[in-house]
Each structure stands twice: as C-alpha cells, then as structure tokens.
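The sequence and the structure are shown first.

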Amino acid sequence: MSQARAVGIAGEEHGRRLIARGRRGRAATFCALCFLACLAISACAREESVAPAPLPAPVPLPALRDAPPLTTDRTWAPRVAVADPPDRSPAVPGEIEQMLAEGYGELELGPGQPLASATIDDAPPPPRGERPRLLTRFVHLADTQLADDESPARLAIFDSPGVFASAFRPQEGHECRILNAAVRTINALHRSTPLDFVLLGGDNADSAQTNEIAWFTAILDGAERVECDSGADDDPVPGPDNDPKDPFFAEGLLMPWRWVTGNHDVLHQGNFPVATRAELATGSTSDGGTRDWSLPGGPVITGEVVPDPRRALLSRPELLDHVAATGDGHGIGPDERTYGKAFYEFDVKDSPLRVIVLDTAAETGGPNGVILQDDVDRFILPALDRAKRERRWVILTSHHASSSLGDGSFAATGTPAVPGALAVEAWQALVGGYDNVLLHLAGHTHVHRVTRVSPAGGHAYWELETSALADYPHQVRVIEIWDDDNGFVAIRGAALDYAADDDPIAAEGRRRAIVDITSGFGSDGRGEPSWRNVELSLARPD
C-alpha cells in the first residue's frame, strides 16, 4: 500500500473519530486550537501525481434561458431531516457517497416567502404614494470564501459537528463552479430586471492565497479559461469539463462589481497574520489536513503535498494591487492603494444615493472586525460630512456589522487590543449622528439577519446582513431602494438561489453542500423567517 493511500485511509478513520466532537464554533476558537494541534501532528509522505495530458479549451455554457425566480416566488429546503446525532462524516468519501445515494443531498420545492415589513419605530408601514421611484437595484454577494482545497494551509482534519467552523466543506472543491453558477444567475436576472451593480460582502477568498483571489476575480470579470486546481494537475474524472478540477469558461458579470475586504481576504484562514504563516501555504507538508484529488473522492490527507508558489499569501497592499489591476479596478484605484485599505465611495447614477465602503478587516488577526479612530479621522468622518453637505443618502457597507466589531486583540497569538479601536456603542453613536444614513450592509456571520440600530440620542438606521454563498442556503440578496413618495424610503431585500442549469458540476456542488447540513455538520444560515425577505422603511432624509 502506498504512503498516500495509507494516509487517506487514516484520514477516513480520523474523520469518523471526530464525529462525536462539535463543529461550527467561533472561528477564533477553532483556529487557535487548530494552530496548537497542528504543531503536534506528524507529517506523512505521499506520492506526487503525474500530470495528465492538456485538456481542450473549455466550451462556454449557454446563457440561462429564463429569469431566475426570487425566494418570494419559491423556496427550497432539504428533503431529508438533519441527522441527530451525526453518525457519518461528509469528509469521508465512502460515507458522503452513501449519504448522497440515500437522498441526503436533495432539495424539495416549497412556496415563496413574502416580504416581511418593518419600520424603524415599529409603527405600521405607511401606504405607498402615487409615484414611488426605484432609486437602485443591486445584488449583495457575500462570503464566497473561495478555497484552494488542496493547499497545505488547510485544517480539514479538525472538522467536526457543533464546534469547529468551516474546517471542511464537502462542496469546497466545487466552489468555483458554484460562484460561476451564481454569476450566470445574476446575469439572467439582469437581462430581465436590470441591475446597477454587484456589491461584494467580503471574505471573497478563504485564506488570502494568491490563487484564490485570482480565481475569484477571473470568474467575476469573465475568462476563457479558469482552472481551480493547484499543486498536481488533477483530473479526478478523465476527460474535459466533467469534474471540479477541470478548466471552465467564465462568462463574467454583465454589470460592474465593487470590492469589499473581509478578514479571510487578508488573513490566513481568516485569523492569522499572513507574515506569520507565509511558508505554510507554499510548503510541501500538510499538518492540518488537505484534500488529495489523485485518490478516489479527494480524501483528507496529511503529509507531503505537491507545492505550488501560486498559493503565496497576499499582504493587504498586494491584495489591493491585484484587485486594482483587474477589470475596472472594482473600486480600488491609486488613492485606495496609497491609503492601504479598501475605503472608498461611489454614487448611484440618477439617484441621491452614495455607497461608502469600509475596510473592517483586522490585520492583527482574529475574525472580528475593527474600526480605528485613525480611519474615522482620515476617511469615515470626511466622507460622512461630505455626503451630508451634498445631500446624499448613504448606504454604508463593510464585511462586519457592528455586532462583529472588536478591539483588534487576538488571544490565539497573544495580540493585545489595538489603540484607537472603536467600541460597538461608539461606532453606532457615530453613525447615528448622520440622519442621511439609511443602511449598513454587511456579511461575515453567514446568516440572513436584520437589526434595528437605535443609538442613544441619535438617528436610528438599519443593519442588513446577507448569508454566505459558501454555506447553506448558498444565496445572494437582491436589494432595491425606493423613494415611496410618502415621506419614507423603503429597502427591499429578497434572497436568490443560484441556478445550475446545464452545469452538472455546480449542481453536484449543491448536493454536497446540502449533505453538509443534513449530515449534522453544517448550520442553517437562513436566519429568522422575518430576516430573509424584507421591506424596511424609515423616514426620508431631508
């Protein structure tokens, strides 16, 4: 028996042993324990794969034929009840295949979920005026966490239900095709109901790797060939365009998209400063468990892997340089590169709306966001004052909502609090000082959520969080802002499922993602019913 196969079998046994333990705790706890555990795991060797013959040029998929229905029209839910307690691991190839055969990856169609109305003061929603006007329609695409699932930086052996968050996703090898399916879906919606732009929610990559960011931007910009494969040139199913490691054609978004930085975009595993982990990603040894697609089912293995310099971790300036060099720069230009963070603003054409983009990722480490007084003084206050002076209505957007802000400290590395980090209450009070702020849009929590923020003595506003494309329910949110011609502004948000028409690889990724839920390993990101499809009203700014 080869060393690689022995390690794969050992990985299956390890997966079974981990079932009794918990998963899905906070990312800081997960990564801190993983970091300590990795130091104690011995390395095993595996054989390098022989590169297969080059595949033909990818063939573009046909454009989706019909506009995709929103979840106000129809919903999907897992057909099989969640296993309680979990007894099989989706990280073990034989076990996930058995669950797929038993229907654990299937969905069933349900009725649509209407918009849930809410007002900032809990008063009854006002009737619309005679001439309501749509100010903008756009898509919020959050937390794709596009992962290089073959990277030696992965920590997949620590995946277990109830405790460790996202150490392994059974669909992670299919995430490029899932993102491509989301792009095709958004484009189909745009052809039917035009969109102004796509606004990212951060955590676009999973571990700040160069290749992850390159795959992500190529899929959104469009490319004749995207190949989400690293190390050995794998071809799990011989032939072209029939497995997630094959190259594919990316049609790209038909409308502009704007960058937002998340903690996973600038930190290794979303937690550790890249300077402290630089050698890990480009190395040849996996201590924490990664996937080996030269073996059936891509099992989790430890030991030697084929190194790849394209896995190099990006510093924040390098990340901004890469984004700025793609497409139209997606909001990142010379000023943002000089500033060193993705703070910028843009106006919505033919409307009073201005979007102010905030960079809340903490380079010191840890999953929580941070807003520094220095950034308040240099960018945020001038931007808010300028918007007020110019009578612009503001949509704030960042990866972290206020409830996910911290002080920049990180216990796993002993990093102390960062001087000048704003407390949650201080940030909310600052925003509440501007009655032209309508909304703070965020991601990070992987859950659809609505929050009324009412700072003491200040202006109340809405926070709206969108769940993750990476995790169930794998949705984006379509957002409309209306001037209702009645003294109020309406914010409408409806979830949208990606369509996998003519793309069996994206469809298979969805099936495996559903197994992550029904196996008992995953968690439900739909949130409360009143948080999914919403109509939020507040008084029209002067």
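E465 and R449 form a salt bridge in which the closest N and O atoms are 3.2 Å apart. Because E465 belongs to strand β18 (residues 461–465) and R449 to strand β17 (residues 449–453), the pair ties together parts that are 16 residues apart in sequence. The model is a predicted one.

The two partners can be set side by side by accessibility. E465 has a relative accessibility of 1% and therefore counts as buried, the cut-off being under 20%. R449 has a relative accessible area of 23%, so it is partly exposed.

## Other salt bridges

The structure holds 39 salt bridges. One of them joins the side chains of D503 and R177, at 3.0 Å from N to O. This pair links distant parts of the chain, with D503 in the loop between β20 and α12 and R177 in helix α4, 326 residues apart. D503 counts as buried because its relative accessibility is 1%, and R177 is buried with a relative accessible area of 3%.

A further salt bridge brings together the side chains of K388 and D435, at 2.4 Å from N to O. K388 lies in helix α10 (residues 373–389) and D435 in the loop between α11 (424–432) and β16 (437–442); the pair links distant parts of the chain, 47 residues apart. K388 is partly exposed, with a relative accessible area of 39%, and D435 is partly exposed, with a value of 32%.

## Surroundings of R177

Helix α4, which holds R177, covers residues 175–192. Leaving aside residues up to four places away in sequence, R177 touches L61, D241, F248, D503, I505 and A506.

## Helix α5

Helix α5 (residues 210–221) has 12 residues, which at 1.5 Å a residue should span 16 Å; its end C-alpha atoms are 16 Å apart, in agreement. The helix is mostly covered, with 9 of its 12 residues buried. Among the buried residues are W215, F216 and L220. Just after α5, G222 takes a positive phi of about 95°.

## The largest pocket

The largest pocket has a volume of about 670 Å³. Its lining comprises 34 residues, and R74, W76, L107, D497 and R510 lie nearest its centre. The elements that give two or more residues to this lining are β1 (74–78), β2 (107–111), β20 (488–497) and α12 (504–518). By class, the lining has 15 nonpolar, 8 polar and 11 charged residues.

Notes: Residues are numbered from 1 along each chain as its sequence is written. This is a predicted model: local features need pLDDT of at least 70, side-chain atom pairs count only at pLDDT 80 or more; totals for chains, interfaces and linings use all residues. Side-chain values use heavy atoms; hydrogens and water are left out. Helices (H or I, at least four residues) and strands (E, at least two) are DSSP runs, numbered from the N terminus. Contact means heavy atoms within 4.5 Å. The expected span of a helix is 1.5 Å times one less than its number of residues. Buried means under 20% relative accessible area, exposed over 50%, partly exposed in between (1.4 Å probe, protein chains only). On a 1 Å grid over the protein atoms alone, a cavity is a set of points where a 1.4 Å probe fits but cannot get out, and a pocket is an open set with protein on both sides within 12 Å along at least five of seven lines; lining residues have an atom within 4 Å of a point. Grid points are joined across faces, edges and corners, and a volume is the space filled by probe spheres set on the points. Ala, Val, Leu, Ile, Met, Phe, Trp, Tyr, Cys and Pro count as nonpolar, Asp, Glu, Lys and Arg as charged, and the others, Gly among them, as polar. A salt bridge is a side-chain nitrogen of Lys or Arg within 4 Å of a carboxyl oxygen of Asp or Glu.
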